[in-house]
Amino acid sequence: MSTDAALRPDTDRTAPAPPGKPRRPRMSGRAPARPAPVAAFHSVSAATAALLGLVAIGALIHEPVLIPPLAASAALVHCAPALPLAQPRSVIVGHLLGAAAGYAVAAAAGGSAWAAAVAAGATLALTTLARTPHSPACATSVVIVLQSPAPARFVPLLFGATILLVLTAYCASRIRRGAPRYPAYWW
């Protein structure tokens, strides 16, 4: 510990704890409790089933439907169903705003990594303004800028995939008794 750090009270590790409060080490986290094994298995298996469904649809129509941002969305809706980022409004509208930003930036600036970063920032701004926070939507705009998928095919598939993720989360939350209900709100 440096001498500057030793003089600041917030870094003094030898100070006694206030009366009535147990002393906690500085590095202890405030992470949520580990879920029960049954709850964890339920969430993970439901998310995996939804993603496998996207792969199966893609195989049937010979189009890639599962893209990395949708896997992140599945994790949010199944494992953190109460978060604002996981609500249907945020999942569906967030990805559509990400697609719009991705196509707009790609049209204006091309398909470079620089443009992809701008598209992600634009998506973040749009989703914030629209009150539809969904971090995977930023990745959707990056995928669009870097991969240049045809909008007439990509956007309907993206929309359908987000609807499927929301519906599977809705159904999964009603299958297991005691599971948190999804969604917390629809719109």
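The partners are arginine 153 and glutamate 63, whose side chains meet at 2.6 Å, N to O. Arginine 153 sits in helix 7 and glutamate 63 in the loop between helix 2 and helix 3, so the pair ties together parts that are 90 residues apart in sequence. This is a predicted model, in which local features need pLDDT of at least 70 and side-chain atom pairs count only at pLDDT 80 or more, while totals for chains, interfaces and linings use all residues. Numbering runs from 1 along each chain as its sequence is written, and side-chain values use heavy atoms, with hydrogens and water left out.

Glutamate 63 has other neighbours too. Leaving aside residues up to four places away in sequence, glutamate 63 touches Gly58, Arg153 and Leu157, where contact means heavy atoms within 4.5 Å. Phenylalanine 154 is 91 residues from glutamate 63 in sequence, yet their C-alpha atoms are 9.0 Å apart in space.

Helices here are DSSP runs (H or I, at least four residues), numbered from the N terminus; axes are lines fitted to C-alpha atoms over the stretch in contact, and angles run from 0 to 180 degrees between N-to-C directions. Helix 2 passes helix 3 in a right-handed crossing, meaning that the near helix is turned clockwise from the far one by less than a right angle. Helix 2 brings Ser43, Ala46, Ala47, Ala50, Leu51 and Leu54 to the contact, and helix 3 brings Leu70, Ala71, Ala74, His78 and Cys79. By class, that makes nine nonpolar, two polar and no charged residues.

Out on the surface, Leu96, Phe159, Ile163 and Leu167 form a nonpolar patch with about 300 Å² of accessible area together. Patch members have over 30% relative accessible area and no salt bridge, with nonpolar side chains joined within 5 Å; areas come from the Shrake-Rupley method with a 1.4 Å probe. Helix 7 (residues 151–175) gives the most to the patch, three residues.

Most residues other than glycine have a negative phi, and most peptide bonds are trans. Arginine 131, in the loop between helix 5 (113–129) and helix 6 (135–147), has a positive phi near 60°. A cis peptide bond, omega about 0°, joins tyrosine 182 and proline 183, the latter lying in the segment after helix 7.

Methods:
Helices (H or I, at least four residues) and strands (E, at least two) are DSSP runs, numbered from the N terminus. Ala, Val, Leu, Ile, Met, Phe, Trp, Tyr, Cys and Pro count as nonpolar, Asp, Glu, Lys and Arg as charged, and the others, Gly among them, as polar. Patches are made of residues with over 30% relative accessible area and no salt bridge: like charges are joined within 9 Å, nonpolar side chains (Val, Leu, Ile, Met, Phe, Trp, Tyr) within 5 Å. A salt bridge is a side-chain nitrogen of Lys or Arg within 4 Å of a carboxyl oxygen of Asp or Glu.
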